[in-house]
Amino acid sequence: QVTFVESGGGSVQAGGSLRLTCEVAGVSSVKNCMAWFRQAPGKRREGVASIEFGGADSYEGDSVRGRASASKDNAKNTASLLLNNLKPEDTSRYYCALKTGSWCMASMLRKESEFEYWGEGTQVTVSS
């Protein structure tokens with residue numbers, strides 16, 4: 001059974017930074033794609049970034065391009081997303097998502113249905 005431990009959400013002023021971390025357990029495949037999606041009240045879920053466990057690629061969504069940096073520790077099955085220069089419109093609940101047995105592709109950030117496993121999410125609130 002795949003489980004997540006998500007951490008790092010919180011409240012920050014505009015222009016600040018936050019690091020979101022996902023630790024995943026119970027994964028048996030060598031190559032996996034970890035992603036972050038976000039969803040604000042009344043809005044559609046949006047892909048933010050992704051990074052490969054076991055691979056080298058990462059991708060950013062258009063809304064955070066140039067402000068997001070994903071990293072991972074394969075040995076610890078942990079991935080982190082650093083969000084810089086946060087804006088009030090980044091306020092949302094952020095979810096970890098995992099697609100097993102696959103490398104990431106940029107297009108997957110537009111297809112939440114690609115991801116089999118989801119965390120419960122962590123809230124990020126950016127004040128102006």
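Throughout this description, a residue is called buried when its relative accessible area is under 20%, exposed when it is over 50%, and partly exposed in between, with a 1.4 Å probe and protein chains only. The structure is a predicted model, in which local features need pLDDT of at least 70 and side-chain atom pairs count only at pLDDT 80 or more, while totals for chains, interfaces and linings use all residues. Residues are numbered from 1 along each chain as its sequence is written, and side-chain values use heavy atoms, with hydrogens and water left out.

Strands are DSSP runs (E, at least two residues) numbered from the N terminus, and two of them are said to pair if DSSP finds at least two bridges between them. Strand β1 (residues 3-7) is joined to β3 by 5 bridges, and these two strands run antiparallel; within this pairing, E6 has C22 of β3 as its bridge partner. β3 also pairs with β8 in the antiparallel sense, over 6 bridges, and here C22 stands opposite A79 in β8.

β4 and β5 pair in the antiparallel sense over 7 bridges, and A35 stands opposite S50 in β5. The hairpin of these two strands has 6 residues between them, and in it G42 takes a positive phi near 80°. β4 is also joined to β9 by 8 bridges, again with the strands running antiparallel, and the bridge partner of A35 in β9 is A97. In a regular strand the side chains alternate between the two faces of the sheet.

The interior was described in terms of nonpolar cores, each a set of buried Ala, Val, Leu, Ile, Met, Phe, Trp, Tyr and Cys residues joined through side-chain atoms within 4.5 Å. The largest nonpolar core has 24 residues, of which M34, W36, V48 and L83 touch the most other members. At least two residues of this core are supplied by each of β3 (18-25), β4 (32-39), β5 (46-53), β8 (78-83), β9 (92-100) and β11. Another core, of 8 residues, lies apart from it and has C33, F37, M108 and L109 among its members.

Aromatic rings were compared next. A pair of aromatic rings is described by the distance of the centres and the angle of the planes. Rings of Phe, Tyr and Trp (its six-membered ring) pair if their centres lie within 6.5 Å, and planes under 30 degrees apart count as stacked, over 60 as edge-to-face and the rest as tilted. By this rule the count comes to 3 aromatic pairs. One of them is the tilted pair of F37 and W118, at 5.1 Å centre to centre and with 50° between the planes. Because F37 lies in strand β4 and W118 in strand β10 (residues 117-118), this pair ties together parts that are 81 residues apart in sequence. F37 is buried, at a relative accessible area of 1%, whereas W118 counts as partly exposed at 27% relative accessibility. W118 also forms an edge-to-face pair with F115, at 6.4 Å centre to centre and 75° between the planes, and F115 is buried with a relative accessible area of 5%. F37, F115 and W118 form one aromatic cluster.

A charge is taken to sit over a ring if NZ of Lys or CZ of Arg is within 6 Å of the ring centre and within 35 degrees of the ring normal. The charged end of R45 sits over the ring of Y95, 4.5 Å from its centre, and R45 also lies over the face of W118, at 4.7 Å from the ring centre.

Two asparagines have a positive phi. N77, in the loop between β7 (68-73) and β8, has a phi near 50°, and this residue is partly exposed with a relative accessible area of 27%. N85, in the loop between β8 and β9, has a positive phi of about 50° although it is not a glycine; N85 is partly exposed, with a relative accessible area of 43%.

How values were computed: Helix = DSSP H or I, 4+ residues; strand = E, 2+ residues; numbered from the N terminus.
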